[in-house]
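Dear colleague,

Please find the structure below, together with its sequence. My notes on it follow.

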Amino acid sequence: KKKTKHSRAGRYIKSGESFWCYRSEYGKCVWGVVHKSPTSTLKVDFHESPNCIEAGYLFSEGLSKARLTDLILNGVTEEQATKVYTGELCEVCGLAEVAAKLLTCSKCGRYFHSDCNGEGEIERELDWFCEDCCNDAELTPQFGFENGGCFTLIDFIENSKLWMKSYYEKVGLSNEPSEEQILKEFWKLVGSDSSHGICPLYGSDLDTSIVGSGFPTKQNLTKVGEIDYSNDPWNLNLLPTSDRSLLRHLGRRVTGVTIPWLYVGSLFSAFCWHNEDHHLYSINYHHFGSPKQWYGVPGKESEEFEKLAASLYPDLFELFPDLLHHLVTMINPSVLSSKGLSVCSCTQRAGEFVVTFPRAYHAGFNMGPNCAEAVNLAPTDWLPFGWKASQRLRMYCRPPVFSQDGLALALARNILSGRGRTKGESRELKNLTGFLVRELERMVGREEEGSIGMCWKEMEMELFYKRLEIRKGRKNKGMRSVKSQAVEEEGNGPRCFKCQTFCFNEVVICEDCALKKG
């Protein structure tokens, strides 16, 4: 008998094979027998049961080889045939639940054998997510905070005061509790399941170029007495691009980094544990209102902090290794101290600055309605931290705020030309010249060795990409070097489709991809 091979399943389908198959029109399983039609196509005669073949078939149907393979492989019993009908098939091997139990992805609902997926034994009571759902940004649960509506500053403060008063009455506190009482109440809520009904509003990450800065600018000049604060060195609109900050070499302004963000808080509105983008310095100024409580862990203990956080929430960190980047993790500082970490705290009041250092994790909350403003800065001693931060972002496939390579090249050009360099900066830059040269050499080495092909290899794409030697003019078939044809982001270059890093120097673009993703 001639055998027809179905390549996907790696087996042959032949006449005379039989299997159970669920039919919705009968509401039960029927017995199917494969036979060859006169046109040499595969058809199936369906009978009431294996014992009713001599009585004649109920109907005959032509089925595709792929469908037949699934039916034959799974039609061992009536129960398995029912699973085929309901779609309970392993996405890897195409089989129903046989020896190994089927796992159901809690997000997409697809089925996988634990053996086929390499998971081993997994408790059925736990939520389980397939690899696609863990990696796909559209399927992965998005962490963060929901929008709370639009307010004027005055309305927000008044609403916050009313909510604060009602909460104090609800829990039996006076209208003006002590700061110690507020601290105790906050951490009680963080560690309690009853906090789900508490939803404080927080006007965070407000772009001051849109909503306005609390500091005067040249466009909105304000004088206090005879002092012009629009040119004051402590003005947060000027500090990021001041003479001693490397961010001025970016050549452009970046919201949230060189353009300050405004924060309008209410009682218990919080900022969870995190460190700054690119491990930059940050400076926060308290304009007015209730105090802001801060907690910090020094940058030298950042790795210990991350390990401890992962040990406290192992299931979450297994699913989302970049959990700390989502700013949703709050850990009581007393827990950190009990594990040997150094934790500092301070209470920031109106008119005070708070500065955070590179890699330093920090968190905190507001003790009532207030308004603060924050921005980043980069003294020359930040540069080594920035390089490490860019590699960390790439490891977690997190998009950077600006191109570290672009900043390094701009800094090198300005040092060589003397353009934009101040006397105060010259001495500090001299100490960094050796470090900068080594990093530029590594950058050139990465490009010459074709490091931009690494992301293609990680995606397991069948590309014969070996080495891209743009300088010698040799280009690989199917790929090309581009400078402006990909969508760029304000001079940083296009983002890598895999690791999200800015491709500042070189980029490979698929010729057949309509989206032109690098």
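Which residues form a nonpolar patch on the surface? In this predicted model, the patch consists of Leu312, Tyr313 and Leu316, whose accessible area together is about 220 Å². Leu316 belongs to helix H8 (residues 314–319) and counts as partly exposed, with 37% relative accessibility.

Salt bridges were examined next, and the count comes to six. One of them joins the side chains of Glu48 and Lys28, at 2.8 Å from N to O. This pair links distant parts of the chain, 20 residues apart: Lys28 is in strand S4 (residues 28–36), and Glu48 is in the loop between strand S5 (42–47) and strand S6 (59–62). Glu48 is partly exposed at a relative accessible area of 34%, and Lys28 is partly exposed at 36%.

A further salt bridge, between the side chains of Glu185 and Lys188, has an N to O distance of 3.3 Å. Both residues lie in helix H5 (residues 179–190), three residues apart, or about one turn of the helix. Glu185 has 8% relative accessibility and therefore counts as buried, the limit being under 20%.

Arg398 forms a salt bridge with Asp322, with 3.3 Å between the closest N and O atoms. Here Arg398 is in the loop between H10 and H11, while Asp322 is in the loop between H8 and helix H9 (333–338), 76 residues apart. Asp322 is buried at 13% relative accessible area, whereas Arg398 is partly exposed at 22%.

Finally, the axes of helix H10 (residues 383–395) and helix H11 (residues 404–417) come within 10 Å and cross at roughly 150°, which makes H10 roughly antiparallel to H11. Leu383, Gly386, Trp387 and Ser390 of H10 make the contact with Gln404, Asp405, Ala408 and Leu411 of H11.

With kind regards

Technical notes. Residues are numbered from 1 along each chain as its sequence is written. This is a predicted model: local features need pLDDT of at least 70, side-chain atom pairs count only at pLDDT 80 or more; totals for chains, interfaces and linings use all residues. Side-chain values use heavy atoms; hydrogens and water are left out. Patches are made of residues with over 30% relative accessible area and no salt bridge: like charges are joined within 9 Å, nonpolar side chains (Val, Leu, Ile, Met, Phe, Trp, Tyr) within 5 Å. Accessible areas come from the Shrake-Rupley method with a 1.4 Å probe; for residues, only the protein chains shown count as cover. A salt bridge is a side-chain nitrogen of Lys or Arg within 4 Å of a carboxyl oxygen of Asp or Glu. Helices (H or I, at least four residues) and strands (E, at least two) are DSSP runs, numbered from the N terminus. Buried means under 20% relative accessible area, exposed over 50%, partly exposed in between (1.4 Å probe, protein chains only). Axes are lines fitted to C-alpha atoms, for helices over the stretch in contact, and angles run from 0 to 180 degrees between N-to-C directions. Angles under 35 degrees count as roughly parallel, over 145 as roughly antiparallel, 65 to 115 as roughly perpendicular and the rest as oblique. Contact means heavy atoms within 4.5 Å.
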